[in-house]
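Have the structure open while reading.

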Amino acid sequence: MSGIIAAGSLTAFPNVTANTQTEDSQPFDEAFSRAVDLGNQIADGDDKADLWDIADGLLAGAVQYWLYTRQPCGDARCEDCLAIGTAEARMAELRRLVEQLSEESQYFHAPTDSNVGRA
Ligand SMILES: [Zn+2]
């Protein structure tokens with residue numbers, strides 16, 4: 001076990017493997033589950049590793065990869081690239097995606113959130 005948070009608790013993405021995998025969702029599911037697995041591997045391999053640092057590194061890599069793949073193709077009339085045609089447009093799209101994925105995460109709300117009422 002590493003740190004205060006058990007690494008095992010981060011593996012708890014049961015939806016990933018439970019999903020019925022279609023042709024289209026398979027690369028998404030694979031990238032998603034392998035990113036989580038990689039975080040757990042790094043944490044397991046280094047008892048002193050800061051989980052926040054690991055998570056920030058994973059996020060930095062994900063953002064890097066995402067931005068690389070969203071470079072416009074150069075055709076001014078391309079409809080696919082309309083939403084990502086400028087750095088500002090890409091940031092807006094990235095923010096939208098991060099918000100959506102966060103809200104879909106089982107960890108979006110935590111029982112220890114400071115705004116959770118204790119009635
Ligand atoms: Zn294009």
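Helices are DSSP runs (H or I, at least four residues), numbered from the N terminus.

The model is predicted: local features need pLDDT of at least 70, side-chain atom pairs count only at pLDDT 80 or more, and totals for chains, interfaces and linings use all residues. Residues are numbered from 1 along each chain as its sequence is written.

## Helix α4

Helix α4 covers residues 51-69. The 19 residues of α4 reach 27 Å from first C-alpha to last, close to the 27 Å expected (1.5 Å times one less than the number of residues). α4 is also hardly covered, with one buried residue.

## Packing of α3 and α4

α3 and α4 pack at an angle of about 145°, and their axes are 10 Å apart. Axes are lines fitted to C-alpha atoms, for helices over the stretch in contact, and angles run from 0 to 180 degrees between N-to-C directions. The contact (C-beta atoms, placed from the backbone, within 7 Å) includes Ala35 and Ile42 of α3 and Leu58 and Ala62 of α4.

## Ala35

Ala35 belongs to helix α3 (residues 26-45). Ala35 counts as partly exposed because 14 C-beta neighbours lie inside 10 Å. Leaving aside residues up to four places away in sequence, Ala35 touches Leu58 and Ala62.

Key:
Helix = DSSP H or I, 4+ residues; strand = E, 2+ residues; numbered from the N terminus. Buried ≥ 20, exposed ≤ 12 C-beta atoms within 10 Å, placed from the backbone. Contact = placed C-beta atoms within 7 Å.
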